[in-house]
Number of protein chains: 2
Amino acid sequence: MKRKFLGIDIGGTNLRGKIISEKGDVLGEGKTRSDAHMGISRLMENLAGFIKGFAGEEISAIGIGIPGVFDRRNGTLVQAPNIANTKNFPFAAALSDGIGTATPVFIENDASCAALGEYLAGAGRGSDSMVMITLGTGFGGGIILDGRLWSGEDGFAGEVGHITIDPSGSLCSCGARGCIETYVSQVAIKRIVREHTELGKKLAGTEESAIPERLAELAREKDRAAISIWNDFGTNLGVGISILVNILDVKTVVVGGGLSGAWELFIGKTLEETERRCLGGAARGLRIKRAVLGDDSGVLGACYVAKSGLGESS
Amino acid sequence: MKRKFLGIDIGGTNLRGKIISEKGDVLGEGKTRSDAHMGISRLMENLAGFIKGFAGEEISAIGIGIPGVFDRRNGTLVQAPNIANTKNFPFAAALSDGIGTATPVFIENDASCAALGEYLAGAGRGSDSMVMITLGTGFGGGIILDGRLWSGEDGFAGEVGHITIDPSGSLCSCGARGCIETYVSQVAIKRIVREHTELGKKLAGTEESAIPERLAELAREKDRAAISIWNDFGTNLGVGISILVNILDVKTVVVGGGLSGAWELFIGKTLEETERRCLGGAARGLRIKRAVLGDDSGVLGACYVAKSGLGESS
């Protein structure tokens with residue numbers, strides 16, 4: 001029997017699903033509301049309903065990308081900033097109750113799914129090992145070593161947003177100081193603009209969520225303060241990338257997420273700083289590439305999580 | 001036929017060798033001068049002679065740990081601070097010429113060998129994944145993921161000494177600023193003492209190589225300035241460990257090398273800082289352990305490099 005794999009990406013707004021074949025061809029897809037802001041119970045109901053909608057498809061395995069920290073050891077969602085009232089929620093058990101089938105389910109962090117998606121079907125195609133950095137609300141990451149997702153002993157690997165780049169720096173939501181996420185993320189951009197006297201005035205009244213895009217427009221209009229903020233953003237991203245490359249010696253780094261839309265405003269400084277900080281050998285042949293799949297990376301990656309979770313066809 | 005594996009650790013002063021059985025039992029060992037300070041040609045002669053001395057042993061494979069950056073892709077020793085006149089030396093080819101046998105040779109960085117040694121026969125026994133940090137002249141590292149040494153795409157992984165912990169900090173020998181090696185290593189301790197008005201005076205006249213040990217003695221005698229330096233050392237080590245743990249989610253970190261002799265002077269601060277900076281999930285069950293094999297870790301690790309290089313017995 002030809003196997004089919006269902007991948008689901010849980011987002012703050014939508015649930016997105018795709019079905020792929022053994023060869024990776026997309027056979028079908030779907031989308032529905034996640035209602036994540038209404039809390040985890042509502043989300044679980046929507047998710048179970050969404051999965052049941054694919055029941056006619058004879059799915060061999062399901063992969064799910066979740067926007068939070070998932071504890072593989074005991075199946076709990078430790079935290080998920082975008083799902084209301086979620087802390088140590090027994091995700092795996094609740095899902096199993098909700099869908100009531102014996103289809104195997106494999107769960108990964110959404111940034112890891114995005115990494116796997118770009119690795120197999122996007123900017124990382126053809127590479128051996130890769131790190132993907134997702135510049136969204138926070139600074140997410142996924143690590144692929146020798147073709148396989150490295151999730152860590154309990155599934156917590158890839159928390160690259162909490163790489164310290166300044167031990168006495170800004171306070172991070174995790175409680176520590178100077179995590180790279182406090183310099184290179186949407187949250188960081190918003191804070192930096194608020195704290196900047198001149199830009200704070202220029203962007204006063206801009207809706208909070210639109211600030212990064214407005215800051216990019218200002219930089220494109222040659223506003224010097226805005227350019228300087230993107231330069232610092234790029235430099236700090238380069239510090240983070242060099243840390244990952246010096247530790248892992250991967251030759252491909254893919255950068256995606258919403259803020260990668262400002263690519264040309266920061267990438268020059270990123271390359272400069274990476275060049276400065278990577279040891280010679282590790283830097284040789286290093287390619288820093290922009291992600292190409294957009295929102296599809298996560299859902300495709302979830303399909304691959306299902307496939308690799310099940311292993312080779314027997 | 002029962003297989004035997006020869007491991008050799010190239011040190012600044014000595015070449016050390018051990019032979020292990022398939023099961024890991026030590027069947028023999030040897031030691032000779034490396035004369036590394038006399039340059040790479042002399043070292044290669046000594047190494048070839050040393051290996052030939054084991055010729056009667058019917059060795060299945062040889063593993064070699066080298067104190068420098070080895071480029072697996074083209075077999076060159078990119079740099080080795082403790083071997084005179086070594087830059088981009090064609091190590092693999094020269095060794096093959098020198099020993100003239102068909103025995104397979106596998107080469108790894110010495111810090112990676114030490115990690116493998118501690119993992120299989122020392123403080124890391126029983127763990128799944130592990131990072132080892134070697135606090136010697138510099139700050140070395142080796143990474144074991146799911147039981148296998150992770151060397152990177154070209155063999156340059158584990159350069160953890162060049163993790164940036166302060167982008168505008170002290171200048172490192174690599175040319176960048178603020179690498180952890182400039183804060184947590186013998187070289188760092190010597191620099192910090194030299195720059196410290198009070199301790200600089202107290203330790204004036206102390207032989208350069210004895211400074212870290214003298215600084216430890218002063219701290220044990222309750223010298224407040226010395227205690228403060230070891231505290232900072234421990235804190236900075238904790239920053240480095242937290243970066244590794246947040247990226248990799250390994251549950252075992254082993255710390256070895258000469259400076260680990262000052263363990264009780266820094267480990268408290270290291271644990272405190274690691275606790276502060278590791279994300280909850282990644283920190284759970286994390287064990288930071290002192291290496292137990294001393295100089296044996298590198299040579300035993302080299303034996304295991306030989307064994308794993310050759311693969312399973314057929």
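This note reviews a predicted model with chains A and B, point by point.

1. Confidence. The structure is a prediction, and its scores come first. Chain A has a mean pLDDT of 93, and 99% of its residues reach 70 or more. For the model as a whole, ipTM is 0.94 and pTM is 0.94.

2. Relation of the two chains. In general, two copies of a chain are related by a rotation about an axis and a shift along it. Here, chain B is superposed on chain A by a rotation of 180° with 0.0 Å of shift along the axis, at an RMSD of 0.0 Å. That is the relation of a two-fold axis. Both copies use the same surface, in that 100% of the contact residues of chain B recur in chain A.

3. Contact between the chains. Chain B contributes 38 residues to this contact, and chain A contributes 38 residues. On the side of chain B that touches chain A, at least two residues each come from strand 5 (69-71), helix 7 (224-248), helix 8 (263-277) and helix 9 (280-283) of chain B. Helix 7 of chain B gives the largest share of that side, seven residues. By residue class, the side of chain B that touches chain A holds 20 nonpolar, eight polar and 10 charged residues.

4. Domains of chain A. The domain assignment divides chain A into domain 1 (4-114 + 295-310) and domain 2 (126-290). The centres of domain 1 and domain 2 of chain A, taken over C-alpha atoms, are separated by 27 Å. Their contact takes 11 residues from domain 1 of chain A and 12 residues from domain 2 of chain A. On the domain 1 side, strand 5 (69-71), strand 8 (105-109) and helix 3 (110-121) of chain A give two or more residues. That side of domain 1 of chain A comprises four nonpolar, three polar and four charged residues.

5. A helix pair in chain B. Helix 3 (residues 110-121) and helix 10 (residues 296-310) of chain B have axes that come within 6 Å and cross at roughly 85°. Helix 3 of chain B is therefore roughly perpendicular to helix 10 of chain B. Among the contact residues, helix 3 of chain B supplies Asp110(B), Cys113(B), Leu116(B) and Glu118(B), while helix 10 of chain B supplies, among others, Asp296(B), Leu300(B), Tyr304(B) and Val305(B). The residues of this helix contact divide into 10 nonpolar, four polar and three charged.

Technical notes:
Residues are numbered from 1 along each chain as its sequence is written. Chains are lettered from A and ligands numbered from 1 in the order in which they are written. This is a predicted model: local features need pLDDT of at least 70, side-chain atom pairs count only at pLDDT 80 or more; totals for chains, interfaces and linings use all residues. Copies are superposed by least squares on the C-alpha atoms of residues with pLDDT of at least 70 in both. Two residues are in contact if their C-beta atoms, placed from the backbone, lie within 7 Å. Helices (H or I, at least four residues) and strands (E, at least two) are DSSP runs, numbered from the N terminus. Ala, Val, Leu, Ile, Met, Phe, Trp, Tyr, Cys and Pro count as nonpolar, Asp, Glu, Lys and Arg as charged, and the others, Gly among them, as polar. Domain bounds come from an automatic or database domain assignment. pLDDT is the predictor's confidence in each residue, from 0 to 100. Axes are lines fitted to C-alpha atoms, for helices over the stretch in contact, and angles run from 0 to 180 degrees between N-to-C directions. Angles under 35 degrees count as roughly parallel, over 145 as roughly antiparallel, 65 to 115 as roughly perpendicular and the rest as oblique.
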